[in-house]
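I opened the model today to look up a few things. My notes follow in the order I took them.

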Amino acid sequence: MAGFSDSEAREFYRRMAAARPEPATELGYRNPFTLLVAVVLSAQATDVGVNKVTPALFALADTPAKMLALGEERLSSLIRTIGLYRTKAKNLIALSRILVEQYGGEVPRRREALEALPGVGRKTANIVLNEAFGEPTIAVDTHVFRVANRTGLAPGKTPRAVEQALLAVTPPEYRRHAHHWLVLHGRYVCTAKNPRCPQCIVADLCRYEAKTTAAEPLAARRRRAARARGASALLAERPDETPAAGLTRRRGRWSRP
Ligand code: SF4
């Protein structure tokens, strides 16, 4: 697959910027510390799920000192709907202690310091540096990884390789928002299943060989609806057909019950 030329990459981001001039994280937060907490909670969880628990949590603990005062047990109970909540609670208490004891209760603006915190890896550090401090870092999550590889914008076998490729191909003026544009594009347009290629603003630049067409999403929706009505047998024979609502299949024919 031929990679993007400089002018194609610039055009890719120009369109992203035109569509979303001021993209932002969909995680709710109040300050750098609560952003860090929200990002730690979002590992292997959805932003929607995290946003359900953080308002109550941040009302009680929006600083490292308050998080320490809250304690691990109470924190666990507040975030118990989030996957891996016990491990995350343990890490959040430990990182809050480090922030209080070593950084005066502030979130450090240095990558090495962030990555040394419990539960904080490169992706989380990149998000905090970018969102809280305006650094031109590009965090690679599952959406960014998929979009970068699928489009051919920045192919790579690992998140780190994709990050390096993105930093190399992204014009400096677009690095600040690149992560958000790619995440939002992956979440709402270039989805893992049935990407919405007919609605995609970068379809002519994208190198993906299995782009969807206008008809495919409709057919996919029909097949799902048919399966829900127990019509999988008919679909196996004639994939493009779906039965009318209310019909049932008996002896190879569709009829009203
Ligand atoms: S054309 Fe399709 S595969 Fe390519 S970026 Fe757009 S949605 Fe994704």
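Which residues come nearest to the ligand? I found Cys190, Cys197, Cys200, Cys206 and Tyr208 nearest, of the 13 residues around the ligand; a residue counts as near if its C-beta atom, placed from the backbone, lies within 6 Å. By class, I read nine nonpolar, one polar and three charged residues in this shell. Ala, Val, Leu, Ile, Met, Phe, Trp, Tyr, Cys and Pro count as nonpolar, Asp, Glu, Lys and Arg as charged, and the others, Gly among them, as polar.

I noted the ground rules. This is a predicted model, where local features need pLDDT of at least 70 and side-chain atom pairs count only at 80 or more, while totals for chains, interfaces and linings use all residues. Residues are numbered from 1 along each chain as its sequence is written.

Next I checked confidence. pLDDT, the predictor's confidence in each residue from 0 to 100, averages 89 over the protein, and 84% of the residues score at least 70. Over residues 231-257 pLDDT stays under 50. Where pLDDT is low, the predicted coordinates should not be read in detail.

Then I looked at secondary structure. I have 13 helices and two strands, taken as DSSP runs (helices H or I, at least four residues; strands E, at least two) numbered from the N terminus.

Last, I looked up contacts (C-beta atoms, placed from the backbone, within 7 Å). Beyond its neighbours within four places in sequence, Ala148 is in contact with residues including Leu153, Val162, Leu166 and Leu182. Among contacts between residues at least 6 apart in sequence, 53% join residues at least 24 apart.

Note on methods: Contact = placed C-beta atoms within 7 Å.
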